[in-house]
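Here is a short report for a first look at this protein. Please keep the sequence and the model in view while reading.

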Amino acid sequence: LQALVDSAQWTTVVADDGQVMTEMILAVRNNGRQHLEVELPTDTQDWSAFVAGQPVRPSRRANVLLLPLERSDDKGAPVSVNLTYIGAAKFPRSKGRVNFASPKLDVPMKNARWDFYLPPDYEYKGFEGSMTHEQESEANPLYRSFSLTEYLRQEEGKRMAQKTEDNSEVMNAQQQ
């Protein structure tokens, strides 16, 4: 294979008004592909993209994003690809169906996980699709309020972790 998605993780946050934000994190083993082709679900747009921790600007071919890929190192370590996209879903007021579609990738996928954070005060049931529904705990459902302050704190933590990793790589390179 020229490329393989070793693992894929989607995290989707849905607001009461139907705004949807999804973060897709991929670990890609790349043996020679120049781009990863990602077709986003209908009525969504890309928000940010990172490859190997570096921001990238995807090019487009029709409605397909072309994310530049780095080649995996000699040990076959996967390259991280992080894509955030936004959209809107018609969220029912009292009762109804909500549908989510994953992006289409042009390479095979080994493992996948999709976490949803849905508005509280609703009853959710009848999950369908090609993925297995996994409930955290029937007795203690997970609800989380996500404020701007908490978001900024988590983003700062990510930036600091990336800076520490970058410094470590620079020190390692200097030692070699």
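Why is strand β7 (residues 64–68) largely enclosed by the rest of the structure? Four of its five residues are buried, so the rest of the structure largely encloses the strand. Buried here means under 20% relative accessible area. The model is a predicted one.

**Partners of β7**

β7 pairs with β3 and with β6. The table sets out both pairings.

| Partner strand | Direction | Bridges to β7 | A facing pair |
|---|---|---|---|
| β3 (residues 35–39) | antiparallel | five bridges | Glu37 and Leu66 |

**The whole protein**

The protein has ten strands and one helix. The C-alpha trace spans about 60 × 35 × 30 Å along its principal axes.

Of the 176 residues, 26% are buried. Among contacts with a separation of 6 or more, 71% join residues 24 or more positions apart.

The protein exposes about 12800 Å². Carbon and sulfur atoms supply 48% of that area. There are 20 positive and 25 negative side chains. The centres of these two sets lie 3 Å apart.

Definitions and conventions:
Residues are numbered from 1 along each chain as its sequence is written. This is a predicted model: local features need pLDDT of at least 70, side-chain atom pairs count only at pLDDT 80 or more; totals for chains, interfaces and linings use all residues. Side-chain values use heavy atoms; hydrogens and water are left out. Buried means under 20% relative accessible area, exposed over 50%, partly exposed in between (1.4 Å probe, protein chains only). Helices (H or I, at least four residues) and strands (E, at least two) are DSSP runs, numbered from the N terminus. Two strands pair if DSSP finds at least two bridges between them. Contact means heavy atoms within 4.5 Å. Accessible areas come from the Shrake-Rupley method with a 1.4 Å probe; for residues, only the protein chains shown count as cover. Lys and Arg count as positive and Asp and Glu as negative; His and the chain ends are not counted. The place of a charge is taken as NZ of Lys, CZ of Arg, CG of Asp or CD of Glu.
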